[in-house]
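This report covers the contacts made by aromatic rings, with each other and with charged side chains.

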Amino acid sequence: MLYNHLSINEQGHLALAGVDTVEMAEKYGTPLYLLDEMQIRTKCWTYVQSMRKHFPVGSTALYAGKALCFKQMYPILKQLGMGADVVSTGEIHTALEAGFPASMLVFHGNAKTDDDLRYALDKRVGWIVVDNPEELERLNELAGEKRACQKIMLRLTPGIDPHTFEAVSTGKVDSKFGLVIETGQALEVTGRALEMKNVELMGFHCHVGSQIFDSKPFLDAAGVMLSFMAEAKQKYGYNAQVLNLGGGIGVRYVESDPEEIDIDKVLSELSNYITNQCWRMKIFSPAIFLEPGRSIVADAGVTMYTVQSVKQIPGYKDYVIVDGGMTDNPRYALYGAKYTAIVANKADRPADFPCTLAGRCCESGDVIGENIALTRPERGDKVAVLTTGAYNYSMASNYNRFGRPAVVMVCQGEDRLVVRRETLEDLTRCDV
Ligand code: LLP
């Protein structure tokens, strides 16, 4: 098993935190997202504790809601003392509806509209991460109209390539995100922000990419950002209070992925590096913000499907076709991402049937994985796809007018619905 919270019970069924996944699939129907709440809480707590241990006062772990966002995530974060990274008015709305404090929200986005900025100002979102010069000018004006002074950070591209999927690498010089350090743009815009009356520049942000297994890209990014801070200090006498290093720690999807990352070890290394660099560059040690998403929720999740057919094409390939697919998990179609799958009601039998796990959408690219080894299933069997807590529900779509699946949390032997399944009525709700 990829993770310790997964096991096989006496019935030979896959269990998540001791809860029978087959029973859950029968109770709530499929496709179904299952989440192990303790696993999420443990990951949150690891970040909170490690950050307290290694970084200066004021350092904060912000959960990146883009990985998995629904109302019941937010009380968990609030209880554990985390903030949240939000990227849309929809994510802000979800957090606030769940009673999460606006002051603990950090608002991102590379194309925030005037309406987005007004909404964030009205709701008194704690911090706005400004992506580009146009946004900075507009935010200063809008905050002025509201007689507010908004705390901001500037998003910079440190020019680091973390060698992950191309589509999720965001810190390179030619990225669509942020202000470029290399060309001098970032320094110039910093000067402009410091002159403004209605924004207060708290520091700088970068995010180099996602699904990273090695501390090096984080240290490299921190190094570039600290040199930039030293430059800003020299040029403007400005001491940044906060350095936000984004998210990006990777998780295991398949056995061949690197060993699970020791988050505390990476943060300890990062802290030592930052302390040394600050001392060397003669700048104040900033508070550190981190924005983990995937590493908090991915391994807590399992998606359950029901097999509809097994299509064997001798001499070509064998398909196992299930009642979900790219509508609930578009990551193979988008990134060629790999997954581990198990026939959950036959979890104790050998997985000796290599197949393509395909979905029900009307296109050939609707595949969850290729060369997946399963126990040979038959119609009605339940297939569990592991490590689906991040970027699955949050990236789900209504393509072909399929309703989005329900989300169920399991905790200490109990299960509870946290997002109900979309009905046919939901699908036509906005049609006029
Ligand atoms: N902060 C910022 C500014 C980000 O852009 C992201 C992710 C995060 C934090 C969280 O990164 P994480 O810890 O989850 O790696 N849909 C893709 C992932 C896109 C990530 C986008 N930004 C996927 O399914 O792999």
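Two rings of Phe, Tyr or Trp (its six-membered ring) count as a pair if their centres lie within 6.5 Å. In this predicted model, Phe204, Phe228 and Tyr238 form one aromatic cluster. A search of the whole structure finds six aromatic pairs. Two of the pairs are described below.

The ring centres of Tyr33 and Tyr393 are 5.8 Å apart and the planes meet at 80°, so this pair is edge-to-face; planes over 60 degrees apart fall in that class. Distant parts of the chain are linked here: Tyr33 belongs to strand S4 (residues 32-36), while Tyr393 is in the loop between strand S19 (382-386) and strand S20 (406-411), 360 residues apart. Tyr33 is buried, at 3% relative accessible area, and Tyr393 is also buried, at 18%.

Tyr74 and Phe100 make an edge-to-face pair as well, with 5.6 Å from centre to centre and 65° between the planes. Tyr74 is in helix H3 (residues 73-79) and Phe100 in the loop between helix H4 (89-97) and strand S7 (105-107), so the pair ties together parts 26 residues apart in sequence. Tyr74 is buried, with a relative accessible area of 0%; Phe100 counts as buried at 3%.

| Charged residue | Ring | Distance to ring centre |
|---|---|---|
| Lys112 | Phe107 | 5.6 Å |
| Lys151 | Trp127 | 4.6 Å |

Lys112 lies over the face of the Phe107 ring, and the charged end of Lys151 sits over the ring of Trp127.

Definitions and conventions:
Residues numbered from 1 in each chain as written. Predicted model: local features only at pLDDT ≥ 70, side-chain atom pairs only at ≥ 80, totals over all residues. Heavy atoms only, no water. Phe/Tyr/Trp six-rings, centres within 6.5 Å; stacked < 30°, edge-to-face > 60°. Helix = DSSP H or I, 4+ residues; strand = E, 2+ residues; numbered from the N terminus. Buried < 20%, exposed > 50% of the residue type's maximum accessible area, 1.4 Å probe, protein only. Lys NZ or Arg CZ within 6 Å of the ring centre and 35° of its normal.
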